[in-house]
Amino acid sequence: MESHLKNLRTKKEQGAVHLTLTQPEAGKLTVHLHRATDVKPMDHNYFSDPFVQLTLEGCKPQKSKVVKHSLTAVFDQEFHFHSDQIPAPGMPWKPLELKVEVLDWDPKGTRYLRQARHLVHREKEKKEKHEL
């Protein structure tokens with residue numbers, strides 16, 4: 001299974017997170033986080049220091065690196081989620097929720113930028129982007 005997540009942009013909201021999902025084996029889901037675009041500027045210099053937190057239902061959250069001074073952050077990172085609810089490739093499985101949060105790192109504390117949720121399940125291969 002390989003897919004990008006659906007467009008989930010709502011009115012007057014900014015940003016898109018580009019990622020690819022693969023299911024290499026039973027019990028494992030790999031998320032390749034490519035980039036975040038059109039990030040909302042949060043700092044006094046009109047940039048942000050974005051990072052992404054990914055949470056697959058039933059698994060511990062995982063965080064990307066922080067990309068300093070950017071509104072288009074390139075991450076190029078892979079995250080591996082392990083769950084008994086993910087069967088062998090090609091087998092049907094119960095949809096699991098993947099929560100994607102874009103946050104802004106700041107010395108005084110993390111600031112929330114955007115969040116989206118997507119149900120991950122076995123489907124035809126397709127390439128899309130996940131907009132926030």
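Colleague: Which residue's side chain meets aspartate 43 in a salt bridge?
Modeller: This is a predicted model, where local features need pLDDT of at least 70, side-chain atom pairs count only at pLDDT 80 or more, and totals for chains, interfaces and linings use all residues. Residues are numbered from 1 along each chain as its sequence is written, and side-chain values use heavy atoms, with hydrogens and water left out. A salt bridge puts a side-chain nitrogen of Lys or Arg within 4 Å of a carboxyl oxygen of Asp or Glu. At 2.5 Å, N to O, the partner of aspartate 43 is arginine 111.

Colleague: How many residues apart in sequence are the parts that this pair ties together?
Modeller: Strands (E, at least two residues) are DSSP runs, numbered from the N terminus. Aspartate 43 sits in the loop between strand S3 (28-37) and strand S4 (50-56). Arginine 111 belongs to strand S8 (residues 111-120), so the parts tied together are apart in sequence by 68 residues.

Colleague: Is aspartate 43 buried or exposed?
Modeller: Buried means under 20% relative accessible area, exposed over 50%, partly exposed in between (1.4 Å probe, protein chains only). Aspartate 43 has 14% relative accessibility, so the residue counts as buried.

Colleague: Which residues are linked with Arg111 in a network of salt bridges?
Modeller: Arginine 111 also meets the side chain of aspartate 106 at 3.2 Å, N to O. Aspartate 106 is buried, at 17% relative accessibility. Linked with Arg111 in the network are Asp43, Asp104 and Asp106.

Colleague: What is the relative accessible area of lysine 94?
Modeller: Lysine 94 forms a salt bridge with glutamate 57, closest N and O atoms 3.6 Å apart. Glutamate 57 is partly exposed at 31%. Lysine 94 is partly exposed too, with a relative accessible area of 49%.

Conventions:
Helix = DSSP H or I, 4+ residues; strand = E, 2+ residues; numbered from the N terminus.
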